[in-house]
Amino acid sequence: MSLLLLVLLPFPPINIAYTAKFDSPVSDGTKVSFAFDNNPNNPKGTVQHTTVKNGIARISLDPMNGSSKTMTITIPQKDISIQKLASSIFIPKDNINIVLTRISGNAFHSKPSNDVTVFSIQPQQLQNLRTTARYKSEIKGFVLLLLFIIYLFYILRITILRRISKPYFGSLIIGFIIESWLLLHITGIHTSRSSYRILAIILLLTLSIMLIVNTVIGKRFSTSARKKLIIIDDVGIIAFMVIQFRLFTTRLGGFPDEMAHLSYIAYMKLHGGWLPNFREMRIYQVKNGNSLILNNSQPNSFNYLGHPPLYYKVMAQLSNIIPKGNMIVFDMNHLRMISFGIGITGVILLFYIAFTRIPTIPLLHVLFGLILISPANMVYNMSGLNNDTLLLVTVTVFTLGAIRFMEERYNFLTYLLITVGICSTLLTKLTGGVMVIAMTIFIIAQTLWTRKWPNLRPHREIYFALSVLILPLGYYLKLLSRFHTIQPSYQKLAPTEFITSGWYTPSTDRIQLTLLEYTGYFFRRFLECWTSIVGYVPVSRTGTTPFTCDSIGVTLILLIPFTIFFFHRGKKQLYLSMGISSMSIAIIYQFTSAAAATYGRGNLGGGVQSRYYQCAIGLLALCIIWMICRSPIIKQNSSSLKSACNTNVHPEPALTELGTATIAFISLLLLYDGFISTFLLSEH
């Protein structure tokens, strides 16, 4: 009854437009005036001016003219008539034009005078326009929608959701409001493509459905069903990564240092071996988009990468690069797919670690997956040629070995995982090598300090595993012998070319900063590179900083794990702390190198990338999940059937109602901050 009464009531009209269509040819740009009653409160607005476009003259009605009893339309042309006048809800920026009513041109009285025609409408017809606008007001539709939503929640509360507590029900309402705001916000952004906005809405709705399904199955179904759902969730995360890969490779036009990486791969294909001659390596010129010119007489640029060769050796073996005379033919899409597949292998390995170590709470695994892929450059860098993709795999292998060691699984597989992780990481990138070596030293020191050195019988197991380390040791000794450094650099191997490159700034042109100013600059850029895509094509977001709402979720992925030191000491906390400490050492090493480059060579913007630490994203994710499991939002579900029937079985952990709402909110925030805001709604 109340809804029926609401339908019958008039509401103030808003966003009203009057549109006059002429039935005779009128030149575009012809001035037209709509005049209303004199209004002492609006002396300058009683006449509204517009121009003709495609035979139509339209004004957005000034609300102060909405109660006028007369209206005239003046056009500087004779022998013309109005075909019809329409009243509509008109919002041009959203392409909204909802016609409310139309009046035939017969209702107008025309009066030509001195090459001008004045049309006047009968007062009764104008009154009909105003009445219809009130009864079809946009406000009425909005109020009806709100009442419908309230009614829907009421029905859900007394039926499906009748058993949940009031705080949890309230959190569902808040979640609905937040998601509705996000959807409205997305539809209102016009700096992004419409197809991107549609995809953003689909992703948000899909994740919302996933969260609901995971909540229901997580609370009401068996452990076996929950495990199957976790696997499905992981497959869904990988499918989402494939979507991002497709967009990044087709819409952004390239990736950082990709030609340098491609030239390194080509060099390894041509020359083989494990120690490249870094002095001779060049960034080859591309011809016809699928060939590299190898003629050294060309003005090629020095290849400044200087990384260990494992990634490039693997890519050279797996790719379809074909040498043809003084050229190498390649398929960039094929190369990118291989590199992306290597990165996916690392993600799958992290999913295995989560599946076997994190409680079987499906929502936690959804959050774990989103943490892995949410940093702005995570999937973006995996989509191009970049040795960080293999580094993700090697560091994750080491992480799995370290976890098994913490679990006191002192066997050959544990030692092999640790040593293979160390070896492959050192042969992939030195930044990752610093982290795994530091972590290894911490593990050994902690084990010796606590006097719990494991029983290594038979001894040949650990010695055989350690023998793998001969490979990186031999590589770095040979590198040191030939180039007198363990990190070949542009400055050391090609100093003449380096001085004329963008990597060097003459002292007269440098920006002078105090060490305190540079420290602030470094860590600000460090966070910006973590929360925004850093590539050749600008992906700008006006007004965004690492701490605005469209980036804060991704920022916290990096910052929250550093609070691990303040948690109660225990074995897991100790190992996670050692991992974060190892990462801190690598960051300090990077800071000192970047500061030396700034003050020594004037390279202010160099060495500030935080993507170097995305290889340790598994460590960051495990830290966050461990903290959540230690918080009050996790409870022991003693009501499960298995626990009730067997006193020897420990109660299974479960999320509280507040925990479910918290995880759902964080998951939606990470999706929005990590991909929707960063890419789909950006201004690229």
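**Entry 1: the model.** I noted before anything else that this is a predicted model.

**Entry 2: Ser87.** I looked up where Ser87 sits. I found Ser87 in strand S6. Is Ser87 buried or exposed? Its relative accessibility is 1%. Buried means under 20%, so Ser87 counts as buried. I then listed its contacts, leaving aside neighbours within four places in sequence.

**Entry 3: His307.** I traced His307 to the loop between strand S13 (301-302) and helix H8 (310-318). His307 has a relative accessible area of 13%. That is under the 20% limit for buried, so I wrote down His307 as buried. Which residues does His307 touch, not counting residues up to four places away in sequence? I wrote down His261, Tyr264, Phe278, Tyr312, Asn387, Thr428, Lys429, Tyr475 and Gln487.

**Entry 4: positive phi.** I checked the backbone angle phi of Asp79. The value is near 50 degrees, which is positive, and Asp79 is not a glycine. Asp79 lies in the loop between strand S5 (71-75) and strand S6 (82-91). Its relative accessibility is 75%. Exposed means over 50%, so Asp79 counts as exposed.

I checked Glu408 next. Its phi is near 60 degrees, again a positive value in a residue other than glycine. I placed Glu408 in the loop between helix H12 (388-406) and helix H13 (412-426). At 47% relative accessibility, Glu408 counts as partly exposed.

**Entry 5: H19 and H20.** Two packed helices are described by the angle between their axes and the distance between the axes. I looked up both values for helix H19 (residues 515-531) and H20. The angle is about 120 degrees, and the axes are 9 Å apart. Which residues make the contact? On the H19 side I listed Phe526, Leu527, Trp530 and Thr531. On the H20 side I listed Val554, Thr555, Ile557, Leu558 and Leu559. I also noted that H19 passes H20 in a right-handed crossing.

**Entry 6: a surface patch.** I stayed with H20, which covers residues 552-559 and includes Leu556. Leu556 is partly exposed, at 34% relative accessible area. Leu556 belongs to a nonpolar patch on the surface, together with Phe547, Leu559 and Ile560. The patch has about 320 Å² of accessible area.

Notes. Residues numbered from 1 in each chain as written. Predicted model: local features only at pLDDT ≥ 70, side-chain atom pairs only at ≥ 80, totals over all residues. Heavy atoms only, no water. Patch = residues over 30% accessible without salt bridge, like charges linked within 9 Å, V, L, I, M, F, W, Y side chains within 5 Å. Areas by Shrake-Rupley, 256 points an atom, 1.4 Å probe, with all protein chains shown as cover. Salt bridge = Lys/Arg side-chain N within 4 Å of Asp/Glu carboxyl O. Helix = DSSP H or I, 4+ residues; strand = E, 2+ residues; numbered from the N terminus. Buried < 20%, exposed > 50% of the residue type's maximum accessible area, 1.4 Å probe, protein only. Axes fitted to C-alpha atoms, helices over the stretch in contact; angles between N-to-C directions. Left-handed = near helix turned anticlockwise from the far one by under 90°. Contact = heavy atoms within 4.5 Å.
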